[in-house]
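Opening the notebook on this one. I want to look up rings, charges and the nonpolar core.

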Amino acid sequence: MNETNTEPADSVCRLKENIGLLGHLADFAIVSDSSFVVLTDNNAYLYNAEGEQLRTLGLQGRGKGEYIRPSLVFVTPGHIYLWCSMFLKMLVFDRNGAFVSEYTGFEKAVKKFAVKDDRYVYLYGVGEEDGGGFKEVVQVYDMNERKITDKFSGRGGANEVMFAYANSAGLCVDGGRMLYAHPAELKIYERRPEAEEAVYSVNDPAFGVKSVSDHREVTSAGSQEWMKFLFRSSVVKGVYADRGKIYLCAEIGEFEFDDHLHGMDAGGRKTKIYVFENDMTPVKTVTYDRLPLSVVKIYEGFVYCMDLGAFLAQTENVQSYTLKRMKI
């Protein structure tokens with residue numbers, strides 16, 4: 001069943017800057033009905049539902065419990081996990097934002113990560129292939145042993161180019177299984193202990209990725225050709241497990257622009273969410289106008305996103321983030 005959501009998103013709150021200034025949005029996560037975490041540039045903040053900053057998570061720096069360039073955040077029932085892309089380390093906080101510990105020994109840059117049982121960390125990143133090129137790599141890090149204990153590779157081709165797309169790919173943990181998705185494939189891969197990997201494909205003609213046999217065909221052509229490739233391709237943005245269902249989120253359609261990437265028009269770009277039962281039986285597909293800033297999270301049956309807009313403050317237009325949500 002296909003649905004199109006034309007209703008405007010509900011505004012949850014406008015993000016205030018009562019403790020520190022916000023910069024470029026990197027990631028966010030819903031902690032509970034009353035709090036959420038926002039990462040921007042070099043800062044991490046815990047917010048309440050009214051949009052007030054409650055505290056910073058950790059500090060900027062190079063020491064223990066400190067970070068530069070926090071890029072990803074993941075929440076479990078017990079903790080908040082923050083990924084520092086500069087130092088390839090993971091910091092752990094309690095759900096009130098107090099520092100608990102940090103972990104190092106990670107090998108690769110990470111695009112998505114998820115934590116199971118507050119012990120096992122699943123990381124989706126990229127690794128080098130023998131003879132050149134890159135491939136997606138999923139690694140498993142044991143927090144008790146403080147080291148990588150398992151790894152396996154993904155696919156190549158267009159995925160190597162799409163890896164550069166902000167907030168692309170997907171990874172989540174659901175009970176005893178790990179689910180992941182590559183940026184350029186409308187598929188969910190399922191891995192369970194001591195079981196063969198299962199693959200669930202979605203047939204949607206609207207999802208299209210420009211073909212490329214070697215990522216160097218695009219990357220060596222210069223940044224403009226690279227950007228044109230990305231803006232003309234659909235991309236997977238995330239995989240989520242929520243309230244007994246599985247969600248695959250993607251952007252479809254093309255951006256419109258001239259040969260110099262001027263006059264960008266996102267009117268043809270849409271956000272599409274494919275909904276599955278826990279056993280991966282398809283339920284429905286919901287299409288939205290492209291959600292702003294492309295960072296999307298699913299929590300308690302709602303899709304959340306951040307919108308950067310202007311509001312009037314003391315007769316001046318000031319840009320500010322607003323947390324918004326829509327029913328799936």
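Over the ring of which phenylalanine does the charged end of arginine 325 sit? I looked it up in what is a predicted model: the ring belongs to phenylalanine 302, and the charged end is 3.9 Å from the ring centre.

I then found another case of this kind. Arginine 191 has its charged end over the ring of phenylalanine 152, with 3.5 Å to the centre.

Next I went to ring pairs. I get 12 aromatic pairs, with ring centres within 6.5 Å as the cut-off. One of them joins tryptophan 83 and phenylalanine 106, edge-to-face, at 5.0 Å centre to centre and 80 degrees between the planes. I checked where the two sit: tryptophan 83 is in strand 10 (residues 79-84), and phenylalanine 106 is in the loop between strand 12 (99-103) and strand 13 (110-116), so this pair ties together parts 23 residues apart in sequence. I have both tryptophan 83 and phenylalanine 106 down as buried. They also belong to a cluster linked by ring pairs, along with Phe74, Tyr103, Phe113 and Tyr141.

Last stop, the largest nonpolar core. I count 17 residues in it, and the ones touching the most other members are Leu15, Phe28, Phe36, Val38, Met306 and Leu323. At least two core residues come from each of strand 3 (25-32), strand 4 (35-40), strand 5 (43-48), strand 26 (302-313) and strand 27 (316-327).

Skipping neighbours within four places in sequence, I get contacts of valine 38 with Leu15, Leu25, Asp27, Phe28, Asn43, Ala44, Tyr45, Tyr47 and Met306.

Terms used
Residues numbered from 1 in each chain as written. Predicted model: local features only at pLDDT ≥ 70, side-chain atom pairs only at ≥ 80, totals over all residues. Heavy atoms only, no water. Phe/Tyr/Trp six-rings, centres within 6.5 Å; stacked < 30°, edge-to-face > 60°. Helix = DSSP H or I, 4+ residues; strand = E, 2+ residues; numbered from the N terminus. Buried < 20%, exposed > 50% of the residue type's maximum accessible area, 1.4 Å probe, protein only. Lys NZ or Arg CZ within 6 Å of the ring centre and 35° of its normal. Core = buried A, V, L, I, M, F, W, Y, C linked by side-chain atoms within 4.5 Å. Contact = heavy atoms within 4.5 Å.
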